[in-house]
Amino acid sequence: MDLMTIVQILDSALRLATPLLFACLAGLFSERSGIFDIGLEGKILASAFLSASVAAFSGSVWIGLLGGIAGSVFLALLHGVASITFRGNQLISGVAINFLASGFTVVIGENWFGLGGRTPQLEGAARFQEITLPFADALRGVPVLGPIYSDLISGHSILVYVGLLAVLGTWWLLFRTRFGLRLRAVGENPESVDTAGVSVIRLRYSAVLICGCLCGLAGTYLATGLAAGFVKEMSAGRGFIALAALIFAKWRPGYALMACLLFGLLEAIGNRYQNIDIGGFQVPVQFMQALPYILTVVILAGFVGKAIPPRAGGEPYVKER
Amino acid sequence: MEKMPKWVDIALIPLINLFLALVVSGLVVLYIGEDPFEAISIMVNGAIGSTYGWGYTLYYATNFIFTGLAVAVSFQAKLFNIGGEGQAAIGGLGVALVCLAIPWPHWTMALPFAVIGGAVFGAAWAAIPAFLQATRGSHIVITTIMFNFIASAVMVYLLVNVLKKPGSMAPETARFPEGAFLPKAYDMASAVGLPFSRSAPLNVTFFVALLCCVLVYLLLWHTRLGYQIRAFGHSEPAARYAGISPVKITMITMLISGGLAGLMGINAVMGEAQRLVTDPVQGAGFVGIAVALMGRSHPLGVFLAGLLFGMLYQGGGELEFEIPAISREMILVIQALVILFTGALDNMIRMPVERLFLRMRKGSA
């Protein structure tokens with residue numbers, strides 16, 4: 001395997017990791033505030049559909065981005081109303097949201113475009129184009145570092161860089177601001193936050209809203225960056241892989257980046273090689289596809305470093321009278 | 001004192017929720033530019049207007065009763081088994097292995113072994129998440145979701161590399177031997193001289209599903225184990241104090257739940273397809289969640305809700321056929337709304353209704 005192949009695989013891993021990263025950070029905000037979210041998948045799907053549709057109608061990917069975020073935020077609010085206001089079961093609400101998205105995207109998509117649940121192919125300004133970082137072409141000739149800079153680091157759509165910055169932003173917001181401290185507290189012990197005179201409901205709603213926005217970015221990148229339009233069920237389980245990555249990362253932003261890059265790398269390798277030969281033993285491609293889930297179960301089992309979720313996760317908060 | 005009469009809790013509130021789900025679905029149909037009343041009459045007619053319709057409705061209902069019972073049993077112990085999809089697929093694998101193992105002379109001999117095969121495989125697939133929940137505290141929802149994906153990878157791997165019929169391109173097993181074919185509704189109806197559609201997939205498994213409803217009812221409300229399961233679901237500390245082992249109850253409940261989901265393979269794999277394909281479940285595992293919620297985790301409720309969802313699936317298929325502007329995914333929208341209103345937004349209706357009954361009681365007292 002030469003340098004070029006490695007750079008190509010890593011490049012594709014970074015692309016594939018980006019939607020996972022957005023969704024994983026989205027789940028991180030929600031779960032840190034004590035709201036379980038297994039509806040990431042549905043929110044990604046809804047925003048992928050709406051971003052591609054709006055971009056197709058308007059011809060501008062930026063307006064499409066707004067559409068994608070709006071769709072995802074709508075579902076996030078629905079989750080908020082069900083699980084915060086009406087104190088419903090957060091897991092069941094997540095299941096409902098996933099079905100809602102897989103149903104609506106096709107029913108409405110067929111009505112709008114009549115293409116069997118697809119949107120028209122997006123071109124030009126209706127897609128996020130690849131950005132060439134400064135000096136990328138000039139430095140390509142430099143050995144080793146040249147290809148790494150010009151092919152791996154440069155040449156992605158802007159959302160990839162936004163995703164990497166979002167990791168930093170999430171860390172800063174959660175661990176260096178008052179809002180973040182309260183958000184983490186509300187996921188561990190909402191009574192104490194309430195006693196301190198801070199509204200549990202408002203904090204949880206803001207976490208759910210941030211979650212909606214980030215999922216909107218994940219879906220938008222999927223439909224307008226990674227692909228050129230929406231296809232039925234295009235999220236293909238990414239919301240659940242992101243959930244797996246979140247557990248793998250033990251609900252921490254830095255680890256989330258690592259976990260998403262790892263799962264992106266697994267997908268990139270699986271896409272490139274159908275079967276991998278390790279010392280005469282054939283590793284089937286299905287094993288590579290199942291590996292993120294297997295790793296998550298192993299982590300959850302606590303045999304390799306225990307993953308402990310936020311303590312108040314999944315419990316609706318009832319104010320004492 | 002009870003806040004409201006029992007019939008409100010088990011009948012009125014689910015019906016209001018169902019009604020709301022249908023109203024929102026009707027608005028979607030209206031948005032598409034079609035007549036919702038026409039749509040619903042096509043659905044009802046397509047589902048129960050002919051023996052063909054009934055044959056499909058009850059076939060789907062059979063699947064949903066199995067997966068619904070699976071979720072309902074786990075709900076009774078306050079465990080949320082979201083892995084019915086994977087357990088049913090692996091259960092189907094178990095059924096297929098039994099059917100292919102020997103040239104069965106007659107279905108009456110094959111069926112009991114297939115039941116064992118499906119139940120054991122389904123239960124085995126639930127065993128690891130159950131064990132991890134019971135002993136390591138890993139959240140069962142997450143582990144069962146992960147096991148759904150692992151199951152689908154296992155199914156594809158086995159069908160592509162191991163079980164595929166030699167010389168065939170499609171990833172499916174050879175057809176089962178004729179002795180493992182279950183009698184269809186047509187065979188049974190013509191035996192007693194009644195006409196029934198020849199092409200409908202409804203088969204003898206329907207009666208197995210009914211039997212399972214009765215057995216689950218007896219288990220939950222007429223045995224010591226059922227009492228322990230429900231006690232554990234109501235209050236874990238109280239159950240623990242009463243000497244009920246949480247590890248044991250979690251394991252047993254999940255094994256029963258997985259086994260019930262696995263039995264779905266009898267209907268879909270042995271009864272209908274008569275061979276194993278990569279995805280024999282087709283989302284029925286998730287429908288089970290809606291069925292269990294709608295049926296309030298009671299076998300009778302699960303039976304009725306399973307019937308309702310059977311009608312929805314068959315009627316929805318006919319709907320796309322009659323009005324092409326409404327795609328088949330409309331079923332998913334209705335299903336999602338039913339889960340949303342009966343499951344997640346239940347308190348939205350329950351709280352005002354409770355208040356109404358309290359006021360009425362005060363007025364009459």
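Trainee: How many residues does helix α3 of chain A have, and how far does α3(A) reach from its first C-alpha to its last?
Mentor: In this predicted model, α3(A) covers residues 61-85, which is 25 residues, and reaches 34 Å between those two C-alpha atoms. That is close to the 36 Å expected at 1.5 Å a residue.

Trainee: Which residue just after α3(A) takes a positive phi?
Mentor: R87(A) does, with a phi of about 50°.

Trainee: Next, A23(A). Where does A23(A) lie?
Mentor: A23(A) belongs to helix α1 of chain A, residues 3-32.

Trainee: Is A23(A) buried or exposed?
Mentor: A23(A) is buried, because 34 other C-beta atoms lie within 10 Å, and the cut-off for that class is 20 or more.

Trainee: Which residues is A23(A) in contact with, leaving aside neighbours within four places in sequence?
Mentor: The contacts of A23(A) are L40(A), I44(A), C215(A), A218(A), R238(A), G239(A) and A242(A).

Trainee: What separates D9(B) from T108(B)?
Mentor: The separation is 42 Å between C-alpha atoms, and 99 residues along the chain.

Trainee: On to the interface. How many residues of each chain are in contact with the other?
Mentor: There are 36 residues of chain A in contact with 36 residues of chain B. On the chain A side, the elements giving two or more residues are α4 (90-113), α10 (238-248) and α12 (285-301). The largest share, 14 residues, comes from α4(A).

Trainee: What is the make-up of that chain A side?
Mentor: The side of chain A that touches chain B divides into 23 nonpolar, 11 polar and 2 charged residues.

Trainee: What ipTM and pTM does the predictor give the complex?
Mentor: The predictor gives an ipTM of 0.88 and a pTM of 0.90.

Trainee: And which elements of chain B have the lowest and the highest mean pLDDT?
Mentor: Helix α15(B), residues 346-364, has the lowest at 84, and helix α8(B), residues 205-222, the highest at 96. Chain B averages 90, with 99% of the residues scoring at least 70.

Methods:
Residues are numbered from 1 along each chain as its sequence is written. Chains are lettered from A and ligands numbered from 1 in the order in which they are written. This is a predicted model: local features need pLDDT of at least 70, side-chain atom pairs count only at pLDDT 80 or more; totals for chains, interfaces and linings use all residues. Helices (H or I, at least four residues) and strands (E, at least two) are DSSP runs, numbered from the N terminus. The expected span of a helix is 1.5 Å times one less than its number of residues. Two residues are in contact if their C-beta atoms, placed from the backbone, lie within 7 Å. Ala, Val, Leu, Ile, Met, Phe, Trp, Tyr, Cys and Pro count as nonpolar, Asp, Glu, Lys and Arg as charged, and the others, Gly among them, as polar. A residue is buried if 20 or more other C-beta atoms lie within 10 Å of its own, exposed if 12 or fewer, and partly exposed in between; C-beta atoms are placed from the backbone. pLDDT is the predictor's confidence in each residue, from 0 to 100.
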